[in-house]
Amino acid sequence: MAASDEKPPAPVPVAGRQTLLDRQALERVLARAAELQGASALPESGDAISESQLLDIGNEVGLSPATINQALAEERTRVNVPEERGLVAQVAGAGFATATRTVPGNPHDVLATIDAWMLREECLQVQRRFAERITWEPQRGLFGKLRRTVNVSGRGFYLMDASQVSATVLPVDSSRVVVRLDADIHASRARRVGIGGFVAAVGAVASGVVGLGLAVVHLPLLIAAGSAVLPFAGGTFAAYRVARTHRTVLSSVQLALEQILDRLEHGEFDRPPGLLGAISSRARLPRR
């Protein structure tokens, strides 16, 4: 037989390396192997590829088309939100909440279901409509204030703390979609940080007034300095606590977004609306 027809020998495990791998190590090794195998198939930096080429690359590394389609849908819904690193973000928390999930359904029906829920149960009104996206804002009219004040259903209406709420729905396949919900709560955070700053300023002014008053009565320097610092320290601590209340708002808004996705995933939107929700829905029907 010619030398060119000979098959290369199978790789032989290195002696002394017959170690057992736990599940986490196995996942890391397989992920790294897939990365190495796909590296040669990736285009050069700066080159763009089509989705069909991406499917071919995924097939080469053993990824199913359904998995790639889901990753593509999630990428299309991704919003570039710069990471917040400043003092305000560290103390008060983020100014943006987001949640993403793959749920059963088609884009039109799922987006319509979310829209109906936002209008009926979250006390929001439509701000903009797009083909695959809707944005809402809090209801500012008398009926919205009445619903939030009476609150017969016991809901917290946490999404009303957001200046804008949006939903983006894109298909994964014929029976699944990726839903991304976003809530902008920068304005709510700014209000709380502003109140905290005002409290800190009052403490600083009070500290200066106390310091001047104690200096007039000629108290010892150590006692005067210690007494003057107390209002400033108290105001600073109170300002910190006020700013930290935004974290509760952020947590509540995040939970509200996740609960909407829970209902979509488990088909809980088929339940009939409450009394005020039904009245609200009827009030928004166009007149003929």
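Student: Why is Glu121 called buried?

Tutor: The model is a predicted one, and its values are computed from the atoms. Glu121 has a relative accessibility of 10%. Buried means under 20%, so Glu121 counts as buried. This residue lies in helix H5, and Arg120 is buried as well.

Student: What makes the pair Glu121 and Arg120 a salt bridge?

Tutor: The closest N and O atoms of the two residues are 3.2 Å apart. A salt bridge requires a side-chain nitrogen of Lys or Arg within 4 Å of a carboxyl oxygen of Asp or Glu, so Glu121 and Arg120 form one. Side chains of opposite charge can pair when their charged atoms come close.

Student: Why is the contact between Glu121 and Arg120 also called polar?

Tutor: The two side chains make a contact of 3.2 Å. The limit for a polar contact is 3.5 Å, and residues adjacent in sequence count only if both atoms are side-chain atoms. The contact joins side chain to side chain, and it therefore qualifies as polar.

Student: How many salt bridges does this rule give?

Tutor: The count comes to seven. One of them joins Glu265 and Arg101, at 2.8 Å from N to O. Glu265 lies in helix H8 (residues 221-266) and Arg101 in strand E1 (residues 96-104), so the pair ties together parts that are 164 residues apart in sequence. Asp182 and Arg180 also meet in a salt bridge, at 3.0 Å, and both of these residues are buried.

Student: What makes E1 and E2 the edge strands?

Tutor: Five strands form an open sheet in the order E1-E5-E4-E3-E2, with antiparallel pairing. E1 and strand E2 (124-129) each pair on one side only, and they are the edge strands. The twist averages 20° from one strand to the next.

Student: How do you know that E1 pairs with E5?

Tutor: Nine bridges join E1 to strand E5 (residues 176-184). Pairing needs at least two bridges, so E1 and E5 pair. Within this pair, Val103 has Val177 in E5 as its bridge partner. By the same rule, E4 and E5 pair through eight bridges, and E3 and E4 through four. A hairpin of four residues joins E4 to E5.

Student: Why is E4 described as largely enclosed?

Tutor: Six of the eight residues of E4 are buried, so the strand is largely enclosed by the rest of the structure. Helix H5 (residues 107-121) lies across E1, E2, E3, E4 and E5, and runs at about 160° to E4.

Student: Where is confidence lowest, and where is it highest?

Tutor: Confidence is lowest in helix H9 (residues 275-283), at a mean of 46, and highest in E3, at 94. Over residues 275-288 the pLDDT is below 50. For the protein chain, the mean pLDDT is 75, and 58% of the residues reach 70 or more.

Technical notes
Residues numbered from 1 in each chain as written. Predicted model: local features only at pLDDT ≥ 70, side-chain atom pairs only at ≥ 80, totals over all residues. Heavy atoms only, no water. Helix = DSSP H or I, 4+ residues; strand = E, 2+ residues; numbered from the N terminus. Buried < 20%, exposed > 50% of the residue type's maximum accessible area, 1.4 Å probe, protein only. Axes fitted to C-alpha atoms, helices over the stretch in contact; angles between N-to-C directions. Contact = heavy atoms within 4.5 Å. Polar contact = N/O pair within 3.5 Å; in protein donor to acceptor, adjacent residues only side chain to side chain. pLDDT = per-residue confidence, 0-100.
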